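Here's a quick briefing to read alongside the model. Take a look at the fold first, then work through the points below.

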Amino acid sequence: MTPLSSRLAGFGHAVPSRIVPNREIEDRLGLEEGWIERRTGIRSRHWAIEGDTLTSLAAQAGGMALDDAGIARSEIALTLLATSTPDHLLPPSAPLLAHKLKLGNSGAIDLAGACSGFLYALTLGDSFVRAHGRPVLVVAANILSRRINIDERASAVLFADGAGAVVLAPCRTGRSGLKGVALAADGSGYDLITIPAGGSTLPFSPDTPVDQVLMSMRDGREVFTRAVDLMSRTSRQAMIEAAITASDVACFVPHQANARLCDAVRHELEISEDRMVSTIGDFGNSSAATIPLSLSVAHRQTPLTSGQLLMMTAAGAGLSGGAVAFAV
């Protein structure tokens with residue numbers, strides 16, 4: 001009998017209704033017109049409005065993926081939510097997400113993996129499907145506009161709000177599923193991207209300065225260099241494990257950190273530009289959400305077909321990251 005694997009059965013994405021063009025941020029920071037797009041590839045991004053919540057955004061994406069998969073919600077056995085901006089520090093947001101989606105038979109847990117959170121969740125979800133033969137919903141979502149320092153150029157120009165989701169279903173075709181994975185972490189870069197206050201090391205207090213509860217990027221150039229190295233290195237390792245080469249990759253989906261970083265990794269891997277999915281121009285950097293959001297957008301433009309090989313890679317705060325080779 002062909003071993004049990006998982007398949008990408010459904011895709012979904014969602015963004016807030018508010019569109020923020022570069023000009024709005026450039027005016028605030030005193031930057032010349034076109035500065036942001038030239039350096040990041042971003043033209044606009046979506047930011048949450050009053051009333052938007054992380055779980056409401058995640059539920060829109062998750063609901064779209066479930067409808068696309070055509071799988072009964074009662075069949076979902078596990079819900080994984082990758083986010084750095086949960087509704088609350090406690091309780092976790094995944095149980096509320098599962099409740100909003102009426103997934104009454106599903107377990108639910110948050111994963112805090114920053115920009116690489118979706119890849120970690122996808123890897124764990126694939127393992128669950130293989131072990132138990134039941135479908136899994138994987139959602140990545142962030143509302144970063146409420147955690148960035150709008151006066152800090154390094155983060156204000158990049159980050160956005162969005163959600164993406166996939167449904168993993170059991171499969172015995174032998175064609176689909178996770179073919180290669182390489183996960184990595186480098187704690188020596190732990191302080192490169194931080195929200196200093198709010199954890200047990202520096203709890204909230206009445207005297208906590210405002211900038212201590214907002215995201216800060218200490219050295220953008222070092223983040224770029226380390227991210228390119230980590231994403232390139234783990235992608236090569238995942239391809240070796242999958243016994244494939246760059247020419248076998250039908251669709252390259254890097255974390256949409258900025259356009260220059262995506263291009264740098266693509267060049268390192270020698271993957272042709274026409275095989276790379278890029279959504280950063282219209283959606284910005286929503287951390288863990290960028291890869292599933294990009295998958296969903298690409299799938300709606302040109303449906304992914306069975307057997308197509310995806311290469312996905314990311315790196316972010318921590319530093320944590322990795323790469324996954326996955327056959328649709």
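UniProt, in an unreviewed entry, lists residues 109-187 as "domain: Beta-ketoacyl-[acyl-carrier-protein] synthase III N-terminal"; UniProt positions are given in the numbering used here, feature names are shortened, and annotations may be inferred rather than shown by experiment. In the model, that span is 25% helix and 39% strand, and its end C-alpha atoms sit 24 Å apart. Helices (H or I, at least four residues) and strands (E, at least two) are DSSP runs, numbered from the N terminus.

Bear in mind that this is a predicted model: local features need pLDDT of at least 70, side-chain atom pairs count only at pLDDT 80 or more, and totals for chains, interfaces and linings use all residues. Residues are numbered from 1 along each chain as its sequence is written, and side-chain values use heavy atoms, with hydrogens and water left out.

- Helix H5 covers residues 117-132, which makes 16 residues, and reaches 22 Å from first C-alpha to last, close to the 22 Å expected at 1.5 Å a residue (the expected span is 1.5 Å times one less than the number of residues).
- Buried residues of H5 include Phe 118, Leu 119, Leu 122 and Val 129; buried means under 20% relative accessible area, exposed over 50%, and partly exposed in between (1.4 Å probe, protein chains only).
- Just after H5 comes Gly 133, with a positive phi of about 65 degrees.
- Among the buried residues of H3 are Leu 54, Leu 57, Ala 61, Gly 62, Gly 63 and Leu 66.
- The cover over the buried residues of H3 includes strands E1 (5-14), E4 (78-82), E6 (136-143) and E7 (161-171), plus helix H4 (94-100).
- H3 is followed by Gly 70, whose phi is positive, near 70 degrees.

- Most residues other than glycine have a negative phi, and most peptide bonds are trans.
- Ala 114 isn't a glycine, yet has a positive phi of about 55 degrees; it sits in the loop between strand E5 (107-111) and H5, and is buried at 15% relative accessible area.
- Glu 270 is not a glycine either, and its phi is positive at about 60 degrees; the residue lies in the loop between helix H8 (259-269) and helix H9 (280-283), where it counts as exposed at 68% relative accessibility.
- The peptide bond from Leu 90 to Pro 91 is cis, with omega near 5 degrees, and Pro 91 lies in the loop between E4 and H4.
- Gly 318 and Leu 319 are joined by a cis peptide bond too, with omega about -15 degrees; Leu 319 is in the loop between strand E12 (309-316) and strand E13 (320-327).

**Around Arg 18**

- Arg 18 is in strand E2 (residues 18-21) and is partly exposed, with a relative accessible area of 32%.
- Ala 48 is 30 residues away along the chain, but its C-alpha is 6.4 Å from that of Arg 18.
- Leaving aside neighbours within four places in sequence, Arg 18 is in contact (heavy atoms within 4.5 Å) with Glu 24, Arg 45, His 46, Trp 47 and Ile 49.

**Salt bridges**

- The whole structure has 15 salt bridges, each a side-chain nitrogen of Lys or Arg within 4 Å of a carboxyl oxygen of Asp or Glu.
- Arg 23 and Asp 27 pair up at 2.6 Å, N to O; both lie in helix H1 (residues 22-29), 4 residues apart, about one turn of the helix.
- Asp 229 and Arg 233 form a salt bridge at 3.5 Å, N to O, again 4 residues apart, in helix H7 (residues 220-242).
- Glu 268 bridges to Arg 236, with the closest N and O atoms 3.0 Å apart; Glu 268 lies in H8 and Arg 236 in H7, so the pair ties together parts that are 32 residues apart in sequence.
- Elsewhere, salt bridges that share partners join Arg 23, Glu 26, Asp 27 and Glu 33 into one network.
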